[in-house]
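Thank you for making time this morning. I would like to take you through one structure, and I will go sheet by sheet.

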Amino acid sequence: MQALPENLPLLLVSASGRALAQSAAHAGVKVIVLDLFNDLDARALAVASRGVAGRNGKFDSRQLLAAAQELCPPESCAGLVYGSGFEGRTRLLERLSNGRTLFGNRPDTVAALKEPARFFPLLDTLGIAHPEVRPDPPADVAGWLVKRIGGAGGSHVRLARSRHRARVHRYFQKFQRGRTLSALFIADGRRARVIGFNEQWTAGVRHCAPCCYGGAVSQPPLPQKTRRRIGGVLDDLVQAYGLVGLNGLDFILADETPFVLEINPRPTATIDLYDADIGMLALHLRACRGELPEIPEAGIARAHAIVFAAVALRVRVGIEWPEWCTDLPDGGSVIPMGAPVCSVHAAAATSAEARDRALARRSRMENSLWEVAA
């Protein structure tokens, strides 16, 4: 990878910045991290970091822009890499990228991808299957979901109820049964290359949204026909939108037909499953510069799972975290009910074994944490 300008630090901004910061450390790239949590391990990996959380689990825009100006001003910044948190806030992303080299998709590209009235008709034009969508509720809402435009991580998805009405920032999507999958890929603005396929699961915690992201495992068994079809879908969408860098495609597989749900036009949580083998940040920077390198075959299957607080809890001061835990909060931190506490990781020879090991570790952490519930 080419050196960044004058060895200046990159600005990494994401709802959770630890995975990108970890990948930067692997690549020998200095970073400034701004995210919602400012976890212990994110701080340890960064030249400087700061938590800029506002209300409702979103960035405080004033704090974010002020922190970026203080810690990584444009004249002393090698560029901006962003993750989740901007799907519905592209104006904030535009302001953040002003004066900085943007390694990622442009704010207007993100806005276009996250506008259902534009994205799903394009899928129809390209002959790409997707669940039925509509801006207003059907007469019978049974079997339908309601989604907030610009949401991420599944926390914005609810079962549609008769009380739900049409809103500017809301749309309805028919529930599609099948396997919940994703494809992590890189793009150079013209073509796509799949890094890996992943199978996802929801949090399964009562006080979280029913579709809230709970984790994923790499190397799930998939028909070659599906892999080829997704490759063609990605090439079509990359050409249509000019996508660059790391991106993710979420889809449901039903009877060997992939039904596209959305494109996440930025590095996704599943970079965690590949960074040790490939190096995600370095790959992202190369693809944003117009390179599309060959992807080495994945090694062992990897899984991660998010530990959520089933009750409000205070993290024990002096707690010893297992080596397979990341996204570590400070001792003494109060974690609200339904909020993420940490992440656990596992690897194995097969996808099923890696998933089982990660979920077992999640249960182990839950059992130990709940003992110190506030």
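Predicted model: local features only at pLDDT ≥ 70, side-chain atom pairs only at ≥ 80, totals over all residues.

Four strands make up an open sheet here, and with parallel pairing their order reads 3-2-1-4. The edges are taken by strand 3, residues 48-51, and by strand 4, residues 79-82, each of which pairs on one side only. If we ignore direction, neighbouring strands of this sheet are turned against each other by 15° on average.

Looking at one pairing in detail, strand 2, which covers residues 31-35, runs parallel to strand 3, and four bridges join the two. Within that pairing, leucine 34 has arginine 50 of strand 3 as its bridge partner.

Which strands does helix 1 touch as it packs on the sheet? Helix 1, residues 18-27, touches strand 1 (10-13), strand 2 and strand 4, and its direction makes about 170° with that of strand 2. Helix 4, residues 90-97, also packs on this sheet, where it touches strand 1 and strand 4, and the direction of helix 4 makes about 155° with that of strand 4.

Taking the pairings in turn, strand 5 and strand 8, the latter spanning residues 170-174, are antiparallel and share two bridges, with valine 133 standing opposite glutamine 173 of strand 8. Strand 6 and strand 8 pair antiparallel over five bridges, and here leucine 145 stands opposite glutamine 173 in strand 8. Glutamine 173 therefore turns up in both descriptions, opposite valine 133 and opposite leucine 145, as strands in a sheet may pair through backbone hydrogen bonds in either the parallel or the antiparallel sense. Strand 6, residues 144-148, meets strand 7 in the antiparallel sense over three bridges, and valine 146 stands opposite arginine 158 in strand 7.

Along the chain, valine 157 and aspartate 108 are 49 residues apart, and their C-alpha atoms are separated by 23 Å.

Notes
Residues numbered from 1 in each chain as written. Heavy atoms only, no water. Pairing = 2+ DSSP bridges. Axes fitted to C-alpha atoms, helices over the stretch in contact; angles between N-to-C directions. Contact = heavy atoms within 4.5 Å.
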